[in-house]
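Here are my notes on the model, as numbered points. Please read them alongside the sequence and coordinates.

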Amino acid sequence: MEEIQSYSDNYRSSSSSASSPTGRATQGAFFYLRKPGTFRQPISFEDSPEWDDTEIDAQIEEVGESIHVATATASPSLSKINSGSLPSPSLPEVSSSVTARKIAGASIVWKDLTVTVKDKRRYSDKVVKSSNGYALPGTLTVIMGPARSGKSTLLRAIAGRLHGAARMYGEVFVNGVKSQMPYGSYGYVDREDVLIKSLTVREMLYYSALLQLPGFFSQKKCVVEEAIAAMSLGDYADKLIGGHCYMKSLPSGERKRVSIARELVMRPHVLFIDEPLYHLDSVSALLLMVTLKKLASTGCTLIFTMYQSSTEVFGLFDRICLLSNGNTLFFGETLACLQHFSNAGFPCPIMQSPSDHFLRAINTDFDRIIAMCKNLQDDHGDFSAVSMDTAVAIRTLEATYKSSADSAGVESMIAKLTEKEGPHLKSKGRASDATRTAVLTWRSLLIMSREWKYFWIRLLLYMLVMLSVGTIFSNIGHSLSSVMERVAAIFVFVSFILLLSVAGLPAHINEIKIYLHEESNQHSGAVVFLLGHLFASIPFLFLISISSTLVFYFLVGMRGEFSLLMYFVLNIFMCLLANEALMMIVAYTWLETFECTLTVVFVHVIMMLVGGYFRIRDALPGPVWMYPLSYIAFHTYAIQGLLENEYIGTSFAVGQVRAISGVQAVRGSYNISSSRNAKWTNLLVLFLMAVGYRILLFSLLHFSVRKNIASFKFCWPRMFTGKAR
């Protein structure tokens with residue numbers, strides 16, 4: 001009870017001090033990265049170390065319940081926060097001394113930044129409106145606001161990663177230079193974690209380092225171990241990210257740490273993180289933010305967005321940029337933000353989280369809640385803690401900030417940071433295309449061998465279905481009367497082996513998502529991705545082809561010549577190779593399992609109908625069905641080639657004196673050629689289809705057609721997807 005009372009008194013004093021200008025204390029041990037009473041000047045590019053990374057030793061001292069990093073530098077905002085009396089968060093135990101790598105951070109300034117989004121045919125909606133701010137090395141700068149306030153858009157604009165439908169106005173300076181950050185100088189972590197579940201944490205980071213960094217493998221292993229240590233992932237380094245039947249998958253907090261560590265292998269000067277606490281509980285959120293604060297103490301500049309935070313997490317921020325409907329309501333020190341709300345007439349109540357109070361005042365969704373609960377009162381009075389509606393509160397806060405000393409201080413700091421050019425950030429180089437192709441091939445082989453959804457479940461389905469088909473058509477003989485049954489068996493075999501490939505769609509979708517994430521961070525490219533996937537899939541596709549063929553071939557009783565058997569295997573292999581490319585195109589188009597499944601099934605059903613079995617191709621209606629559908633269907637050339645392989649050079653006796661060729665016997669059921677080279681022509685067409693579909697996929701990936709496809713998704717019925725686009 002004494003601890004609880006002490007905590008309450010501590011928090012009450014912090015709230016009261018934030019509510020009055022004279023209430024700011026100058027002493028105290030609020031923040032865990034600062035020894036009480038000791039503060040230093042903010043880091044800028046003028047007093048940063050040499051631009052090349054250097055090794056230093058950071059001594060960590062235990063101060064009661066706080067930790068002090070001797071090498072950590074602070075901004076004036078951090079000193080004021082530290083001087084406050086908010087409660088100190090509980091921290092994980094650390095060793096008495098650790099070795100950290102000093103990073104030369106970069107100062108980031110954005111000035112009069114406005115972002116508009118293209119609506120139909122013109123740029124109209126302003127998502128961000130004339131925002132000003134800065135971020136210094138060794139500090140945490142948070143962009144906070146309610147949903148749809150422009151947080152993520154502002155973060156992407158600063159990082160130079162806006163989507164094609166957005167346009168930016170204004171200026172962004174890096175170390176006083178108006179330029180974009182080169183490759184390797186910054187890292188960007190998306191809100192959603194895009195990880196490979198079948199890899200361990202160490203493998204995930206190691207392959208990421210191989211894709212990003214030039215140099216020798218031994219050097220990259222050291223970088224990976226540093227990233228694991230920086231994100232406190234040592235206990236999870238050898239665990240599978242997605243888990244397996246005997247092991248649970250990584251918790252959400254650790255998955256977010258892996259996503260951040262993946263960017264740390266480049267040792268970036270600036271790190272952008274979109275919603276780092278997304279889907280995290282309070283404990284995981286605090287542990288992650290403590291880790292990020294420790295990372296910032298090495299000199300890295302961290303800028304991230306956040307919707308809401310606990311009191312302990314809020315105390316770790318150095319500066320806050322508060323947005324509402326794209327307008328900047330405040331930028332400055334975190335405790336100064338509390339003072340700003342107090343000056344505007346909205347002091348933070350005792351025992352309420354500052355971030356909760358901020359969002360309560362500026363989130364227009366609360367107006368609907370107040371309207372619904374206007375008659376609801378509690379022991380403390382009205383349901384609402386803000387006496388005016390949200391729109392008025394937002395206008396009041398915005399007007400108060402524009403006329404405040406905080407706004408003038410921001411403009412003065414921006415002018416100081418941009419008046420003199422600092423060192424230019426340099427690109428750190430990247431791995432060659434040959435190296436990245438080899439890495440992606442080996443990684444894909446490892447994923448395919450571990451992921452049962454990729455090929456193993458398909459192999460099992462193929463074996464079971466081919467065993468069923470083979471036993472149904474077993475012992476049909478080689479007489480003239482068996483020709484139609486054999487044609488039907490081959491048609492069913494080809495149709496099922498292509499149709500059952502839909503079981504691999506979820507794996508293809510995951511692989512496309514991984515590519516899109518890596519491509520957005522310039523870790524991969526269209527050519528290396530396609531080559532890596534092709535080389536890795538060939539062994540598995542050949543295994544499926546030969547195993548399925550052997551089961552079907554001998555049960556049905558096909559001709560027992562080895563050359564004919566190998567042609568049968570090659571024919572099915574080419575079909576699967578072309579079909580894999582088609583499924584990748586569909587997966588890239590939709591990125592949703594349900595839509596992809598419907599699309600692939602529909603395409604294969606159409607191919608079956610025009611494949612020449614239900615009706616001979618020459619008898620199909622000319623428009624659409626014969627031209628072009630029957631000429632672009634896999635089934636047409638696969639079945640035709642297999643029948644020519646089986647029946648060219650054979651004959652059937654009709655009575656005792658007359659015989660007809662196998663081609664004539666088959667033409668009653670299927671149209672095939674009598675040329676001995678016809679089957680190779682069909683095989684060549686299948687090969688060209690496999691190449692053509694991959695060229696089409698390359699074009700889609702290279703020109704980022706996916707960004708344009710997203711704007712047309714409204715055509716898909718929402719009742720099918722189950723969610724709004």
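1. Of the contacts in the protein with a separation of 6 or more, 78% are between residues 24 or more positions apart; contact means heavy atoms within 4.5 Å.

2. This is a predicted model, in which local features need pLDDT of at least 70 and side-chain atom pairs count only at pLDDT 80 or more, while totals for chains, interfaces and linings use all residues. Residues are numbered from 1 along each chain as its sequence is written, and side-chain values use heavy atoms, with hydrogens and water left out.

3. The protein has 25 helices and 19 strands. These are DSSP runs numbered from the N terminus: helices are H or I with at least four residues, strands E with at least two. Of the 725 residues, 53% are buried, where buried means under 20% relative accessible area, exposed over 50%, and partly exposed in between (1.4 Å probe, protein chains only). The accessible surface is about 32,300 Å², and carbon and sulfur atoms hold 58% of that area (Shrake-Rupley method, 1.4 Å probe; for residues, only the protein chains shown count as cover).

4. An open sheet is built from six strands in the order β9-β10-β11-β6-β12-β13, with mixed pairing; two strands pair if DSSP finds at least two bridges between them. Because β9 (186-189) and β13 (327-333) each have a single partner strand, they stand at the edges, and one side of each has no neighbour in the sheet. From one strand to the next, the twist averages 15 degrees.

5. Within this sheet, β10 (residues 270-273) and β11 (residues 301-306) are parallel and share four bridges. Phe272 is placed opposite Ile303 in β11. Helix α7 (residues 282-296) packs on the sheet, where it touches β6, β10 and β11, and its direction is at about 155 degrees to that of β11. Axes are lines fitted to C-alpha atoms, for helices over the stretch in contact, and angles run from 0 to 180 degrees between N-to-C directions.

6. Helix α3 (residues 151-159) lies across β6 (140-144), β9, β10, β11 and β12 (319-324), and runs at about 155 degrees to β11.

7. Is Val551 buried or exposed? Val551 counts as buried because its relative accessibility is 18%. This residue belongs to helix α18 (residues 526-556). Leaving aside residues up to four places away in sequence, Val551 touches Met463, Met466 and Leu467.
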